[in-house]
Amino acid sequence: MQMTEGEIRRVSENLEKKEDRYREGDQVQRQLCYRQGMGGHRMKILEEILQEIDGMGYPSREIGRDLEGGRVTDRYTAAAYGFQEAKDRIVEIIRSHSNDGWIPCSGRMPENEKEVEITYTWKHPDGRDLYGTARAFYTDGTMTTEDSGYNWEDTGSWKYCGEIDAPYIQEGWWECVAFGENFSAVDQKVIAWRHCAEPYHPVQKFLGEDYKQQIMEKFLKVE
């Protein structure tokens with residue numbers, strides 16, 4: 001029995017819909033496997049952290065040495081000191097597993113000219129690796145000086161873009177300057193970066209009636 005043109009079209013459309021459902025199901029399955037894998041990885045890290053915390057030794061040679069030097073005998077002061085020491089140790093353990101927000105340069109780089117905090121390294125004359133931090137920004141070599149938010153000098157050796165009559169900023173790290181106009185290339189190897197922390201905002205300790213009224217008006221204001 002020969003199928004009509006309309007029947008062939010309906011069969012073809014049904015097959016396409018089934019293929020779409022299979023593709024969507026396959027994509028959902030891959031995402032589920034990825035999330036389960038990431039969840040398993042996070043659980044493994046959490047278990048390692050808990051094991052290290054559970055294995056914290058006490059007493060140790062470091063615990064309480066400042067108490068002896070300060071001749072602290074009050075039990076409440078001693079308990080508070082011990083609690084703070086234990087808390088500091090736990091924070092150290094957690095940060096050792098989280099890298100404290102640091103992103104290795106081998107993983108990815110920040111966007112062009114975004115100010116970040118960097119870790120750089122250099123060799124001591126005796127062969128030891130030394131590390132330091134600074135504020136800096138990165139350029140990937142694809143941005144021209146016309147598109148930059150900085151003023152660039154000594155660009156004679158840089159690759160030139162004839163279309164917009166401007167040189168490309170060479171790839172590299174550049175140290176940020178907060179209270180000046182001149183900045184320079186980072187001449188040490190940068191191995192990691194992280195987003196800059198938010199600045200400190202002091203808390204208003206005393207709120208007078210006028211201040212409270214201003215806050216209320218600000219939040220109750222109808223735009």
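Select D129 in this predicted model: the residue is partly exposed, with a relative accessible area of 40%. K123 is exposed, at a relative accessible area of 55%. This pair is one of four salt bridges found in a search of the whole structure.

Next, select R135 and E115. They form a salt bridge in which the closest N and O atoms are 2.9 Å apart. R135 lies in strand β3 (residues 129–139) and E115 in the loop between β1 and β2, so the bridge ties together parts 20 residues apart in sequence. R135 is partly exposed at 39% relative accessible area, and E115 is partly exposed at 36%.

Move to R194 and E117, another salt bridge, with 2.9 Å between the closest N and O atoms. R194 is in strand β7 and E117 in strand β2, 77 residues apart. Both residues are buried.

Now show β2 (residues 116–123) and β7 (residues 189–195) whole: they pair in the antiparallel sense over six bridges. In β7, K189 stands opposite T121.

Finish at P167, in strand β5 (residues 166–167). P167 is buried, with a relative accessible area of 10%. Beyond four places in sequence, P167 touches residues including M143, T155, W158 and Y160. E146 is 21 residues from P167 in sequence, and their C-alpha atoms are 8.2 Å apart.

Key:
Residues are numbered from 1 along each chain as its sequence is written. This is a predicted model: local features need pLDDT of at least 70, side-chain atom pairs count only at pLDDT 80 or more; totals for chains, interfaces and linings use all residues. Side-chain values use heavy atoms; hydrogens and water are left out. Two strands pair if DSSP finds at least two bridges between them. Helices (H or I, at least four residues) and strands (E, at least two) are DSSP runs, numbered from the N terminus. Buried means under 20% relative accessible area, exposed over 50%, partly exposed in between (1.4 Å probe, protein chains only). Contact means heavy atoms within 4.5 Å. A salt bridge is a side-chain nitrogen of Lys or Arg within 4 Å of a carboxyl oxygen of Asp or Glu.
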